[in-house]
Amino acid sequence: MLWVDKYRPKTLDQVIVHQEIAENLKKLVTEQDCPHLLFYGPSGSGKKTLIMALLRQIFGISAEKVKVENRTWKIDAGSRTIDLELTTLSSTNHVELSPSDAGFQDRYIVQEIIKEMAKNRPIDTKGRKGYKVLVLNEVDKLSREAQHSLRRTMEKYSASCRLILCCNSSSKVTEAIRSRCLNVRINAPKEDQIVKVLEFIGKKEGLQLPPGFAARVADKSNRSLRRAILSFETCRVQQYPFSSNQAIPPMDWEEYVSEICSDMMREQSPKRLFQVRGKLYELLINCIPPEIILKKLLSELLKKLDEELKHEVCHWAAYYEHRMRMGQKAIFHLEAFVAKFMSVYKAFLIETFG
Amino acid sequence: MAPLLQSSQPWVEKYRPKQVKDVAHQDEVVRVLTNTLETTNCPHMLFYGPPGTGKTTTALAIAHQLYGPELYKSRVLELNASDDRGINVVRTKIKDFAAVAVGSGQCQGGYPCPPYKIIILDEADSMTEDAQNALRRTMETYSKVTRFFFICNYISRIIEPLASRCAKFRFKPLPEEIMSNRILHICNEEGLTLDTESLSTLSSISQGDLRRAITYLQGAARLFGSSISSKDLISVSGAIPVEVTEAIIAACKSGDFDLANKEVNNVIAEGYPVSQMLAQLFEMVVAVDDISDEQKARICKSLSTADKCLVDGADEYLQLLDVVSNTMRALCNMPQDFSYDV
């Protein structure tokens, strides 16, 4: 089992990083009732962990016995019927799903499937906890119509159902939904907190940590706890006992991006652009999301550029990322950014060195 | 259905005014509607104004006061944006409901019960133009037996022919004083203590929207118990602490791009919503005195562009970085145009 899963806190008491939030959540559910919740924060900050721990706090151990279900739903949409396939993860008291998987048909999931699930009240022998919880992932990727349909569902079935929404950026969730939930911001853990977690894991595994090693892992992790633990484990596999100056291996795609970046700096020509295009394709084929590539590319470029060029390059990065979101094919916009950069950089070089 | 727990009812619903005369601060509409209650004469109505000012409350209250609980179901049709309101619904459901004649006015159980029905179209500005057009004739044909109440935020999205058939009422944002009264009333009922500082914080973060203020109050009460400080309220509302926005502005003033980049990274890692960040930056930039008008104009322009991009779903980090870079160029009087762009 990976350390990331092995040392995931199971209950709200075991949480190391977001203790204050965990305390508040515990207070929230002690009254046997909770409002709708919206968790937001960057990836790797512990949203999902907290949600699972919260479910366990509400429903006890039964919340951990989950089964994966792959079901096809037939939905009657006026003139035609639509088949929708949806994977859900459910226990007796909660259902977890990612409605945005359905793409542009997500509206039907919200209007039909979620409504259907929300209507059915779980039967409880003791008459307590007469509500079920729906966990919706990636609500920020839901279309506008789907979000509009969600808000009435939230009010209408609030007697039998609580929604826990989870997303990366709450800017993309409409105000109407945000105002109906209790918003919980999960910040990325600070570096010293990551160090604390790594030391905890090291102790549990019985490892000798050279001083400053955990701090270096934390520094490389970009404040993502998941990533820190993963690379910590990689280091363990590569070389143990740790030496104090052991290199922390970067992700291979990141190395690849910085390679592209130095290519772009070295030569600005159509030929080079063609080569870069091949490399970008390579990254896309390996399922690296295009906006992540663009962001990484920008941050690598910013390290090397002169002050006056930084403004210009970051403007174009924002510009092409927006275009990429509006358009269909990511590669066009990535390539356009590369071409733009080359042209700007070339002009800069000519101006400076003649 | 099992009995509801008391705490699960949102306070917004619990403390919704039940009578028209209880609606705060909207004097004109209250006067007209009290008149209606006496004479049972009522035109088509169009309520518009910012959210949380009592539009839906007023419409529901007048309907309840006119018909009482018994007749309410058969006499009032309420549709809002989550119901399907395409042109088909207007042609069938609304028209069918509007066409039904009702008995002449007799007082039942102390309610006036005028001889017409009411159709409440909430969030009418999200109806398509076609659907609105289809309503025009319906409104006139059945005006003997049906009154329409349109409720919307933006009157400009209601087509002119509909607007001209209605009596228009603008709902004003609530001033701080009236809002505090209402909040204090709820605090008394729920046994909360709120000092003056947090009261004014609550008024300022909710910006005249009473519903938002009450929602925040309830959220804070659930999380932090019965005594609430202004810091708790800010954390519940999702507002960004002033220090963070100040740090961003300071970084922009310093003219050091890497410092600004670090601040932006920090904002993203802390998980603050960038749309909120833009709104707060905007307020701050407009209010301060040491920035010239031209600089302000430049900054606001970049804020507006970024806001649009965010709505389209663009990446938060890149957009905020772009805004910060633009702001820095404006504040440090660097050239706004790019010199190497061919």
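Okay, so let's start with chain B: of its 342 residues, 50% are buried, and buried here means under 20% relative accessible area, with exposed over 50% and partly exposed in between (1.4 Å probe, protein chains only). Before I go on, this is a predicted model, where local features need pLDDT of at least 70 and side-chain atom pairs count only at pLDDT 80 or more, while totals for chains, interfaces and linings use all residues. Side-chain values use heavy atoms, without hydrogens and water, residues are numbered from 1 along each chain as its sequence is written, and chains are lettered from A and ligands numbered from 1 in the order in which they are written.

Along the principal axes, the C-alpha atoms of chain B fill a box of roughly 75 × 55 × 40 Å.

Last thing, the surface. A:K115, A:K119 and A:K156 form a positive patch together with B:K93. One of those, A:K119, sits in helix α4 of chain A, residues 106-119. A:K119 comes out as partly exposed, with a relative accessible area of 48%. For patches, residues need over 30% relative accessible area and no salt bridge, with like charges joined within 9 Å and nonpolar side chains (Val, Leu, Ile, Met, Phe, Trp, Tyr) within 5 Å. A salt bridge means a side-chain nitrogen of Lys or Arg within 4 Å of a carboxyl oxygen of Asp or Glu.

Note on methods: Areas by Shrake-Rupley, 256 points an atom, 1.4 Å probe, with all protein chains shown as cover. Lys, Arg positive; Asp, Glu negative; His and termini not counted. Charge placed at Lys NZ, Arg CZ, Asp CG, Glu CD. Helix = DSSP H or I, 4+ residues; strand = E, 2+ residues; numbered from the N terminus.
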